Amino acid sequence: GSSSTGFATSYSQLFEGSPGVTVHGFKWFGKSYDPTQTSNPSITVVCEMYDADSDGLHTGSALASETIVVDTNGNNIEHEIVFSTPVVTSNNYVIVVKNNQADQLFILSYDETMNDGAGESLSGVFYEPLGTWRKSDQVFGFGDFDLLYLPFVEYDIAAGFTVPPIGCENI
């Protein structure tokens, strides 16, 4: 997992666009935590969608934004974000989860020590010491990982659409 520990406070994940895809929101997994283990505070988190630039980081103004309170006194780590206005796009897009408070946010990701990002460099972090966004594999102490952000998408499939075999002939 990845955490905002004073070096990174926000995390992004790049998704490939498709012609006319509608993004309704996304699901992500995380919780607030206190490294002293005395409590897990409720924190306000901003969840956004942006167009992606050529480096796979977000650019321009947010296309959609929702604010939630992550209350982790219980065991709920699953958070569903539904945009008040769905976004129609054909561009690559970036989903961002921001923690603008001093409290720490733990966001589940695939294991960067195992290079589970497969060398694709799809995730980004807002790196506090420089005040800029960076690809996660360009920041010391992070690595190439993918975040568990699951977009809710809708798109049309044209007549004649077929799925090529992908090695599942025995199913």
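This is a predicted model: local features need pLDDT of at least 70, side-chain atom pairs count only at pLDDT 80 or more; totals for chains, interfaces and linings use all residues.
Residues are numbered from 1 along each chain as its sequence is written, and side-chain values use heavy atoms, with hydrogens and water left out.

**View 1**
Strands here are DSSP runs (E, at least two residues; helices are H or I, at least four), numbered from the N terminus. Glu78 is partly exposed, with a relative accessible area of 36% (buried means under 20%, exposed over 50%, partly exposed in between, using a 1.4 Å probe and protein chains only). Setting aside neighbours within four places in sequence, Glu78 is in contact (heavy atoms within 4.5 Å) with Lys27, Trp28 and Phe29. The side chains of Glu78 and Lys27 also make a polar contact at 3.0 Å. That term means a pair of N or O atoms within 3.5 Å; within protein, one must be able to donate a hydrogen and the other to accept it, and residues adjacent in sequence count only if both atoms are side-chain atoms. Gly30 is 48 residues away from Glu78 along the chain, yet their C-alpha atoms are separated by 6.6 Å.

**View 1. Ser12, tucked into strand 2.**
Ser12 belongs to strand 2 (residues 8-15). Ser12 counts as buried because its relative accessibility is 0%. Beyond neighbours within four places in sequence, its contacts include Leu57, Val94, Ser123, Gly124 and Trp133.

Five of the five residues in strand 9 (residues 123-127) are buried. Ser123, Val125 and Tyr127 point one way, while Gly124 and Phe126 point the other. In a regular strand the side chains alternate between the two faces of the sheet. Strand 9 pairs with strand 10 (residues 132-135) in the antiparallel sense over four bridges; pairing takes at least two DSSP bridges. Tyr127 stands opposite Thr132, and Gly131 in this hairpin, which has four residues between the strands, takes a positive phi near 70 degrees.

**View 2. The nonpolar cores.**
A nonpolar core is a set of buried Ala, Val, Leu, Ile, Met, Phe, Trp, Tyr and Cys residues joined through side-chain atoms within 4.5 Å. The largest has 24 residues, of which Phe26, Trp28, Val45, Val97 and Tyr149 touch the most other members. Strand 4 gives the most to this core, with four residues. Another core, of nine residues, lies apart from it and includes Leu14 and Tyr50.
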